[in-house]
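Have a look at it below, then read on.

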Amino acid sequence: MLIASVRRISVELCVPTQLRYSSHFHSSARTIDHLIATKLLKSSVILISLLAAGCASNVTVEQPTIPAPHIDKLPMDVAVRIPAEFNNFVHEENILGKEKWTINLGAANAAFFEQLFGFMFDNVIVLGPADDATEYTFDALVEPQIEGFEFSVPNQSKTDAFAVWIRYRMQIFDSVGNSASTWTVSAYGKSQKEGLGSSKSLQRAAVLAMRDAAALILLQMDKSTKIGELADGPLDLSNLDGDGPVEEDNGFGSASIFAIGGIDEGTD
Amino acid sequence: MKALTSSLLIFVATSVLGGCITASVEDERVETTGLLAGESVVVMAKSYHQGNETEADYIRCVENALRKGKGAVRVIPTQQFIDNLFPWFEPRTAPVDTKGLVTLMTRPGVPAAVKNMGVRYIVWLDGDTERVTQGGSLSCAAGPGGGGCFGFAWWQDDADYEASIWDLTDSESAGTVTADYSGTSFLPALVVPIPLIARTQSKACSGLAKQLKSFIVSTEAV
């Protein structure tokens, strides 16, 4: 009702303006009409641009800080290869008929894994995407990757919450480059919409998802991947039973390893 | 002057009048409680991994209400508690029952961190405020000569919360406090809308916090 009234006002303001010009300046009416049309066109373009900009949201996630955990470090040397995408990860998504979201995690993932593994292992070597792993000495090499990034906004979920899902895939190699295991970590963060800033809530949901991943990795990585056994030396390929490396999906679909919301009894 | 008087009258009317609220607060004691000097409480929301929807502002409201007024208790900020015990109180890893709490209290560094903060009780909040029904119609119009509204709208909010109190000294549940509030708000409008708002969530917060303070501080035997 209110919108309809506002529209009516704009019509009332526009029509008399054009009439006034055409009645007072007969000789140059066409030129003036042309000028008015041009101005209206420019105004419309600016207005449409502003509206379009209003339908796009940009979220920049600052580097999350993980508190020092109450866990014992694994006594081993681990190399972590940070993939190029971890230094500048941007997720773009068009919500059909709604708005475009750009979530810029920047180098948050690189900093996150460096800090996380620093808390987990006695010694950590951070390798860049171009570094040659054979030039370094370590017990195990971990290659994290982002396998999936999804989010939902209140319009979609019909709740007051923003949610973020991040799926990391961790590939683990022994000291000579044999693939030891692959582990998928599904993390979830949810933050309620507070105040007017949607971007802050989505940013918080992303940070909570990364923190969720950190908790899961800290408590379950050794159990799921047996990375600790690589401290005793590389895999003995002759003893493998032919099933290949350990591959486990420890996400929300899997209730066996980590009961959601509970402490795994076998973590020690 | 006339406009100022009208605004003042509307303000006074809306402050004095309000929607209707029915309330029920109950507690169920399992263990004897009490709070010694230096001991504190932490208020946490049950995990959203379990589908809990307790609002962040409701948790803050309960925290603040516990800190203030008669029988105020020392409250440790939730995030500080979670950070100091990382990763054991994350939404995914927090204990869901006192059996899990017993296991958690045997983890290296955990009892010491709890002791350093002086936390005696964890209050787990569960529940939310929902709009259960609404009706009526209200329309507003604005034009160059002015504007106004006409009609009548109403809605009902239900705030149902449960607080489970865990005593960390013996890793036992001390009991529960529940608060069920139902509030109906009205919005009549004859040119000017006059909101008669039932602050259901706010009342549920103060009601629950008052009962919690009494529950925790009381040394009544079971």
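A residue is called buried if 20 or more other C-beta atoms lie within 10 Å of its own. Keep that in mind for what follows, and remember that this is a predicted model.

## A helix in chain B

Let's start with helix α6 of chain B, which covers residues 200-217. How far apart are the end C-alpha atoms of this helix? They are 26 Å apart, and that agrees with the 26 Å its 18 residues should span at 1.5 Å a residue.

An α-helix has 3.6 residues a turn, so residues three or four places apart point the same way.

## Chain A at a glance

Over in chain A, there are five helices and nine strands. Read from the N terminus, the elements go α-α-β-β-β-β-α-β-β-α-β-β-α-β. Chain A has 268 residues, and 31% of them count as buried. If you take the contacts in chain A between residues at least 6 apart in sequence, 71% join residues at least 24 apart.

## Strands side by side

Strand β6 of chain A (residues 140-152) pairs with strand β2 (residues 74-81) of chain A in the parallel sense, over three bridges. Here A:V78 stands opposite A:A140 in β6(A).

β6(A) also runs antiparallel to β7(A), and 12 bridges join the two. On that side, A:G148 stands opposite A:R167 in β7(A).

β7(A) spans residues 161-174 and holds A:Y168. Is A:Y168 buried or exposed? A:Y168 is buried, because 22 other C-beta atoms lie within 10 Å. Leaving out residues up to four places away in sequence, A:Y168 touches A:P144, A:Q145, A:I146, A:E147, A:V185 and A:A213. As for A:V124, 44 residues separate it from A:Y168 in sequence, and the two are 19 Å apart in space, C-alpha to C-alpha.

In soluble globular proteins, nonpolar side chains tend to be buried together. The largest nonpolar core here has 57 residues, and those with the most contacts inside it are A:V78, A:A140, A:A206, A:A209, A:M210 and A:A213. At least two residues each come from β2, β4 (100-106), α3 (108-120), β5 (121-127), β6, β7, β8 and α5 of chain A. α5(A) gives the most to this core, with 15 residues.

Apart from that core lies another, of 41 residues, among them B:F81, B:V123, B:L208 and B:A209. Back in chain A, A:V78 is in contact with A:F117, A:F121, A:V124, A:F138, A:D139, A:A140 and A:V142, setting aside its neighbours within four places in sequence.

## Where the chains meet

How many residues does each chain bring to the contact? Chain A brings 23 residues and chain B brings 33 residues. On the side of chain A that touches chain B, the elements giving two or more residues are α1 (2-24), β8 (179-192) and α5 (198-225) of chain A. α5(A) gives the most to this side, with seven residues. By type, this side of chain A divides into 12 nonpolar, five polar and six charged residues.

Notes: Residues numbered from 1 in each chain as written. Chains lettered and ligands numbered in written order. Predicted model: local features only at pLDDT ≥ 70, side-chain atom pairs only at ≥ 80, totals over all residues. Contact = placed C-beta atoms within 7 Å. Helix = DSSP H or I, 4+ residues; strand = E, 2+ residues; numbered from the N terminus. Nonpolar A, V, L, I, M, F, W, Y, C, P; charged D, E, K, R; others polar. Buried ≥ 20, exposed ≤ 12 C-beta atoms within 10 Å, placed from the backbone. Pairing = 2+ DSSP bridges. Expected span 1.5 Å × (residues − 1). Core = buried A, V, L, I, M, F, W, Y, C linked by C-beta atoms within 7 Å.
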